[in-house]
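Me: I'm new to this one and would like to learn how to read it. Could you walk me through it piece by piece?

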Amino acid sequence: MEAGVAKSKVVTVLSQKGGAGKSTLTMQLAGGLARSGRSVAIIDLDPQQTAWRWARAASATHPFPAAVEGLAETPQALHDAIRRLARDGAGMILLDCPPSIEHPATLASLQEADLALVPVVPSPADLWSTKGVERLILQVQAARKGLKAALVPNRVLRTNLAWDVLEVMRDFELPILGASLAQRNAYAQSAVIGGSVYQLGRAGGEAVREMNKLVIEVLKLTGEKA
Ligand SMILES: Nc1ncnc2c1ncn2[C@@H]1O[C@H](COP(=O)(O)OP(=O)(O)OP(=O)(O)O)[C@@H](O)[C@H]1O
Ligand SMILES: [Mg+2]
């Protein structure tokens, strides 16, 4: 690292399966980290530009609490964008990946990240596709000891199937975060207002509690003070 460039922590959010909750997790985490006083930036690596559009839905009076920038087309462009954001004072940089581990942006994000988070919906299909993500992360970790990674249960329902799947998830080599996201309208609603669950008042209460737990775990895993 160059002298004078502050070290930002980089968190990539990836999954093989579409709709697992990458953009939701990215945006809510950004909301929570900003609430805890961090300066947060997001790089939207997905050609669908969900994170970018999400932030654009915000009003001028309540802008999204993190700057979102679009696609970094190459690994070098991503590296440079992260360096620039760090120089500009971002303490946390979140990367919202496209829904494919074959996409070059996903691999590039793992080369840059301090922490990789994989949202997993407790369903058999999500579980199967997570095997491939895990393999990729373990491969990168073999060469980059600094990369930490964890699975994040998302859309958790209080059904037997969900609990059975969570049980099976313990067979993965990657750890499962203690914090998880339940299936809640608040997560979808906050996208409509271009914000996070922190802006929903009482309607966001339970989701805010989940996110606060997640923020603390993410700060710990990235070696930051909670
Ligand atoms: N915990 C949750 N509770 C309720 N709805 C959720 C939750 N997580 C995600 N969703 C909804 O599921 C849909 C997919 O979520 P999201 O866009 O975050 O997934 P993604 O992994 O980023 O998808 P893609 O692979 O297309 O990028 C969205 O409509 C979102 O609002
Ligand atoms: Mg997405």
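**Reading the fold**

Reply: Let's start with a pair of strands: β1 and strand β5 (residues 115–120) run parallel to each other, paired over three bridges. Strands count as paired if DSSP finds at least two bridges between them. Helices (H or I, at least four residues) and strands (E, at least two) are DSSP runs, numbered from the N terminus. One of the bridges to β5 links Val13 with Leu117.

Before we go on, this is a predicted model, in which local features need pLDDT of at least 70 and side-chain atom pairs count only at pLDDT 80 or more, while totals for chains, interfaces and linings use all residues. Residues are numbered from 1 along each chain as its sequence is written, and chains are lettered from A and ligands numbered from 1 in the order in which they are written.

Me: Which strand is joined to β1 by five bridges?

Reply: That's strand β4 (residues 92–96), which runs parallel to β1. Val11 has Leu94 of β4 as its bridge partner. β4 is also joined by five bridges to strand β2 (residues 40–44), again in parallel, and there Leu94 is the bridge partner of Ile42.

Me: Are the residues of β1 buried or exposed?

Reply: Count neighbours: a residue is buried if 20 or more other C-beta atoms lie within 10 Å of its own, exposed if 12 or fewer, and partly exposed in between, with C-beta atoms placed from the backbone. In β1 (residues 9–13), five of five residues are buried. Lys9, Val11 and Val13 point one way, Val10 and Thr12 the other, and all are buried. β4 also has five of its five residues buried: Met92, Leu94 and Asp96 on one side, Ile93 and Leu95 on the other.

Me: How many helices and strands are there in the protein chain?

Reply: Eight helices and six strands. Read from the N terminus on, they go β-α-β-α-β-α-β-α-β-α-β-α-α-α. The radius of gyration is 16 Å, close to the 17 Å that the globule rule gives for 226 residues, so the chain is as compact as a globular protein of that length. That radius is taken over C-alpha atoms, and the rule is 2.2 Å times the number of residues to the power 0.38. Buried residues make up 42% of the 226 residues.

Me: What about a helix? Which residues of α7 are buried?

Reply: In helix α7 (residues 185–192), they are Ala186, Tyr187 and Ser190. They lie on the same side of α7 because they cover an arc of only 105 degrees around the axis, the arc being that of the directions from the helix axis to the C-beta atoms. Asn185, Ala188 and Val192, on the other side, are exposed. The cover over the buried residues includes α1 (22–35) and α8 (205–221). After α7 comes Gly194, with a positive phi near 70 degrees.

Me: How many residues surround ligand 1?

Reply: To be near a molecule, a residue needs its C-beta atom, placed from the backbone, within 6 Å of it. Here 20 residues surround ligand 1, and the closest are Gly18, Ser23, Thr24, Pro99 and Ala188. The elements giving two or more residues to this shell are α1 and α7. The shell divides into six nonpolar, 10 polar and four charged residues.

How values were computed: Two residues are in contact if their C-beta atoms, placed from the backbone, lie within 7 Å. Ala, Val, Leu, Ile, Met, Phe, Trp, Tyr, Cys and Pro count as nonpolar, Asp, Glu, Lys and Arg as charged, and the others, Gly among them, as polar.
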